[in-house]
Amino acid sequence: MTPPDAPGSRWSDLDRPPLNAAALRRALVRPGGLWTSLDVVQRTGSTNTDLVASGGTEGAVLVAEEQSAGRGRLDRTWTAPARSGLFFSVLLTPGPAVPVARWGWLPLLAGVATATALSRAAGVDTALKWPNDLLVTVDGTERKTGGILAERTGDSVVVGIGLNVTLRADELPVPGAGSLALAGAQVLDRDPLLRAVLRSVEDWYGQWRAAEGDPAACGLQDAYAAGCATLGRTVRAELPGGRALVGEAVAVDGDGRLVLATAEGVQEPVGAGDIVHLRPAE
């Protein structure tokens, strides 16, 4: 038996207790609900990769206490100390109720749901950076504390969410990163935070499906715009192929694209790319 304080023991960092998988299942997996299974693994490469390969059914949730090869957009990696955050993926099958053309709203839906849940459950203001980043304010500066990655797999979509919860300043992977702890969150217990996020995803997803994926009809488009820190800012969109576009982010359109108003007086929608929030001097 491994001593409780041995390196690698699940109790070796008492400030970061393990998730209670059984309690999470009791709270979230219920007849008639969206979530049909919930598994917690101690360590894996990527919960998205594992869930894509599982061939599971809608409502499957996979949570990892630690990810060694977590992925973000543009093949960026996402790593963090064990039990320092929430790293999980969910399997959703929107069709046939929702046309495939509207599935691109799923990562934005996950962002709205997560930000809403964190504001309520952790008492920390969480903003959205288009298309998939979650921002908190640390010492007056916007910092990325989470990210979302959606991947199509057959007739389903796997949505992965990563959140830095208790990361300390000396553990941040890059200077622009943050965590709920550094932002002064009132709650850092990952069990209630995960319950809150998954319940919020279930609620927003249900409304979106009932509206056949229409983001305006279900209020998703307005909710995203209200919480989006990118809107109203001058940004640089680094587009596929090496092209860059600078303009004011003025809207998120019905297809989930970011609309930029350029200096030439043109409004151009951006469907994919890396967005950099520019300071006024830039």
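Rings of Phe, Tyr and Trp (its six-membered ring) form a pair if their centres lie within 6.5 Å; planes under 30 degrees apart are stacked, over 60 edge-to-face, and the rest tilted. The model is predicted: local features need pLDDT of at least 70, side-chain atom pairs count only at pLDDT 80 or more, and totals for chains, interfaces and linings use all residues. Residues are numbered from 1 along each chain as its sequence is written, and side-chain values use heavy atoms, leaving out hydrogens and water.

**Exercise 1.** Determine how many aromatic pairs a search of the whole structure finds, and describe the geometry.

*Solution.* Step 2: tyrosine 205 and tryptophan 208 form a tilted pair, at 6.0 Å centre to centre with 35° between the planes. Step 3: both residues lie in helix α4 (residues 190–210), 3 residues apart, about one turn of the helix. Helices here are DSSP runs (H or I, at least four residues), numbered from the N terminus.

**Exercise 2.** Decide whether tyrosine 205 is buried or exposed.

*Solution.* Buried means under 20% relative accessible area, exposed over 50%, and partly exposed in between (1.4 Å probe, protein chains only). Tyrosine 205 has 2% relative accessibility and therefore counts as buried. Tryptophan 208, at 0%, is buried.

**Exercise 3.** Identify the residues through which α3 and α5 meet.

*Solution.* Contact means heavy atoms within 4.5 Å. By this criterion, Leu108, Leu109 and Val112 in α3 meet Leu220, Ala223 and Tyr224 in α5.

Notes: Helices (H or I, at least four residues) and strands (E, at least two) are DSSP runs, numbered from the N terminus.
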